Structure formats: structure tokens, C-alpha cells
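Subject: The structure we talked about

Hi,

Here is the structure I promised to pass on to you. Have a look at it first, and then read my notes below.

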Amino acid sequence: QPPRSCEDYWGEWKHCRGLRHAFHHYYAHGELPDCGRWREDYEACRAWERDRAAAAQVPASLLACPRLCRPGLLGQKPCSRRVWKLRKSPPPDWYLPLD
Amino acid sequence: DPYARLLLEALKQSGCTVFNDRHFSCENCDGCVSGGFDAATSQIVLCQNNIRQQSHMNRVVTHELIHAFDHCRAHVDWFKNVKHLACSEIRAANLSGDCTLMNEIARFKFGLKGHHQTCVRDRAIRSILAVRKVSKETAEKAVNEVFDACFNDLEPFGRIPHSKADAKRAYRDFQNRDRYNANL
């Protein structure tokens with residue numbers, strides 16, 4: 001199944017096109033957002049749903065979407081790994097009682 | 001608060017469940033510091049004499065939980081590597097709501113186009129200077145060197161949450177991450 005429900009892609013597209021989000025994006029990044037990809041993802045998701053009976057594969061575009069490959073969200077290595085090394089297990093003293 | 005809820009869940013998933021009586025401490029602090037994360041004891045300190053509003057409390061808790069999350073998932077050398085500290089401070093300023101437009105206006109700092117990044121940069125430098133005896137130049141250099149990598153590390157939110165609604169969206173995505181990973 002696609003990584004998100006089709007309603008989620010639609011919801012994200014509508015949110016992306018809203019004035020509030022446009023303002024926040026401009027404030028954070030100095031430019032207006034590009035929302036077209038969310039709409040494309042929604043259309044691809046709906047197309048997959050229609051063809052699902054024919055055992056269609058999830059479209060590669062939905063799997064390759066940069067948003068899904070956001071560092072960290074999908075267990076991929078975050079950008080900050082260029083700064084520090086990721087742990088393989090939690091800090092050993094996390095649960096130790098305080099003196 | 002959805003920011004804190006997501007971070008607590010992310011910490012738990014990373015093997016660092018947070019217990020209030022072990023990992024939080026309310027103390028009186030000097031100056032205008034609002035809180036801190038003590039990596040030596042894995043404890044978040046909240047400055048009870050400097051936090052007077054719930055919204056401020058939410059923000060401080062979120063900020064410190066981001067440090068706790070970084071401590072849990074990475075070998076952060078808090079005490080000897082200024083770049084490591086800078087990275088976590090950039091992330092905390094970026095993702096905690098510290099740098100919303102309203103908060104900046106309340107500080108009499110005005111700007112719009114990309115101002116969020118200016119705020120993140122400035123607050124990260126300020127935080128480094130508050131906890132380490134380094135020069136302003138050293139702090140600025142460290143922040144500049146790691147800014148791109150760390151500003152774009154949005155874990156565990158996956159987006160810069162500008163509001164509680166954004167944080168709720170991020171929380172929903174985080175809860176669905178198993179569905180995402182199944183496709184990889």
C-alpha cells in the first residue's frame with residue numbers, strides 16, 4: 001500500500017496551498033512552497049487504488065517522493081550524521097538512579 | 001501538548017522512556033535561563049522561577065526534550081565538542097517553536113523573509129554562550145559550520161512545526177512510520 005492514505009496526500013496538498021502555510025514557509029525559507037508534488041502524489045495514490053484489483057504495484061513516484069525520504073522520518077540517516085555518530089543503543093546511564 | 005507528545009514517543013521508540021520523577025527536575029536558576037539538559041545525569045532541568053506561562057513551559061519542555069532525543073540517538077559530545085552542542089541547539093531552536101514570528105516580535109526582533117533561520121542561528125549562538133565558556137566568535141563559527149546539516153535534520157518531526165496543528169500532523173506521520181518503512 002502507499003506510504004500514506006490518499007486522504008492524507010489530499011490533506012497535505014490543501015494544507016500546503018493554504019495562506020497560513022505559505023506564510024510560514026516564506027518566513028522559514030524565504031520563498032513560497034511548491035505544492036504540486038502533493039497533488040501528483042494524490043493522483044498517483046488514487047490511480048493505484050483504482051488498479052489495485054489488478055494487483056498493481058505501488059507507483060515508484062510515491063515511494064521516491066522526497067518527503068517520504070526525509071532524513072530520519074523513515075529510519076534513514078539524518079543530515080546531522082555529518083556532525084555526530086548515531087548510537088546503536090541508548091545511553092547506558094539513562095535509567096540509572098540519581099545519587 | 002503535541003510537540004512534547006511526539007518527542008516522548010520518539011524517545012521511547014529510541015529506548016529512552018522518560019519518567020517525570022527521574023528525568024525532570026524543577027529548580028531555581030540564576031539569570032534568565034529557562035531550562036537545560038544535563039547530559040551527565042540525563043535530566044531536564046526546568047527553571048521554575050523563570051517560567052511563568054504555560055506556553056513558555058511548553059516551549060522549554062519541547063526544547064529540552066529535543067536535546068534529550070539527540071543525546072539518546074547520537075554520541076553527542078556535549079562538553080568538549082562545540083559543533084555537537086551547536087547542532088543540537090540549532091535543532092532545538094528550529095523545532096521547538098522558539099522562533100515563531102510572534103515570539104520574535106515579542107523580543108522586538110522584526111523580519112519576515114527567511115527570518116526564522118536568522119532567529120535559529122542567533123538563539124543557537126546565545127544558548128552555546130550560556131552554557132559554555134567559549135568566545136562569541138567560536139560559537140558563531142561552530143554554528144555556521146554545522147548549520148546546513150543540522151537545520152535540515154527535522155527528526156522526529158519531519159517538518160518544521162509552526163503550530164500545534166503542524167505538530168499533530170507530524171505526530172500522525174510518526175505513528176505511521178512503520179507503514180512508510182514497509183515500502184522501503
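Helices (H or I, at least four residues) and strands (E, at least two) are DSSP runs, numbered from the N terminus. Chain A has four helices and one strand, and from its N terminus the order of these elements is α-α-α-α-β.

Before we go on, please keep in mind that this is a predicted model, where local features need pLDDT of at least 70 and side-chain atom pairs count only at pLDDT 80 or more, while totals for chains, interfaces and linings use all residues. Residues are numbered from 1 along each chain as its sequence is written, chains are lettered from A and ligands numbered from 1 in the order in which they are written, and side-chain values use heavy atoms, with hydrogens and water left out.

Chain A

How much of chain A is buried? Of its 99 residues, 42% count as buried; that word means under 20% relative accessible area, with exposed being over 50% and partly exposed in between (1.4 Å probe, protein chains only). A contact means heavy atoms within 4.5 Å. Among the contacts in chain A between residues at least 6 apart in sequence, 50% join residues at least 24 apart.

You will find C45(A) in helix α3 of chain A, residues 36-51, and C45(A) is buried, with 1% relative accessible area. C45(A) and S5(A) are 40 residues apart in sequence, yet their C-alpha atoms are 7.8 Å apart in space.

Helix pairs in chain B

For the angles below, axes are lines fitted to C-alpha atoms, for helices over the stretch in contact, and angles run from 0 to 180 degrees between N-to-C directions. Angles under 35 degrees count as roughly parallel, over 145 as roughly antiparallel, 65 to 115 as roughly perpendicular and the rest as oblique. A crossing is left-handed if the near helix is turned anticlockwise from the far one by less than a right angle, and right-handed if clockwise.

Start with α1 (residues 2-13) and α8 of chain B, whose axes come within 8 Å and cross at roughly 25°. The two helices, α1(B) and α8(B), are therefore roughly parallel, and their crossing is left-handed. Among the residues that make this contact are Y3(B) and L6(B) from α1(B), and Y171(B) and F174(B) from α8(B). By class, the residues in the contact of α1(B) with α8(B) are eight nonpolar, one polar and four charged. Here Ala, Val, Leu, Ile, Met, Phe, Trp, Tyr, Cys and Pro count as nonpolar, Asp, Glu, Lys and Arg as charged, and the others, Gly among them, as polar.

Next come α4 (residues 82-95) and α6 (residues 115-131) of chain B, which pack at about 130° with their axes 8 Å apart. That makes α4(B) and α6(B) oblique to each other, and they cross in a right-handed way. Their contact holds nine nonpolar, three polar and two charged residues.

Where the chains meet

Which way do α1(A) and α8(B) run relative to each other, parallel or antiparallel? The axes of α1(A) (residues 6-17) and α8(B) (residues 164-175) come within 13 Å and cross at roughly 155°, so the two are roughly antiparallel. D8(A), E12(A) and H15(A) meet D166(B), R169(B), R172(B) and D173(B) there.

R159(B) sits in the loop between α7 (136-151) and α8 of chain B and counts as buried at 14% relative accessibility. Its side chain makes a polar contact of 2.7 Å with the side chain of E12(A) and another of 2.9 Å with that of D173(B). A polar contact is a pair of N or O atoms within 3.5 Å; within protein, one must be able to donate a hydrogen and the other to accept it, and residues adjacent in sequence count only if both atoms are side-chain atoms.

D70(B), in helix α3 of chain B (residues 54-73), is buried with a relative accessible area of 0%. A polar contact of 2.9 Å links its side chain to that of R91(B). Leaving aside neighbours within four places in sequence, D70(B) also touches W84(A), V76(B) and S88(B), among others.

Enjoy exploring!
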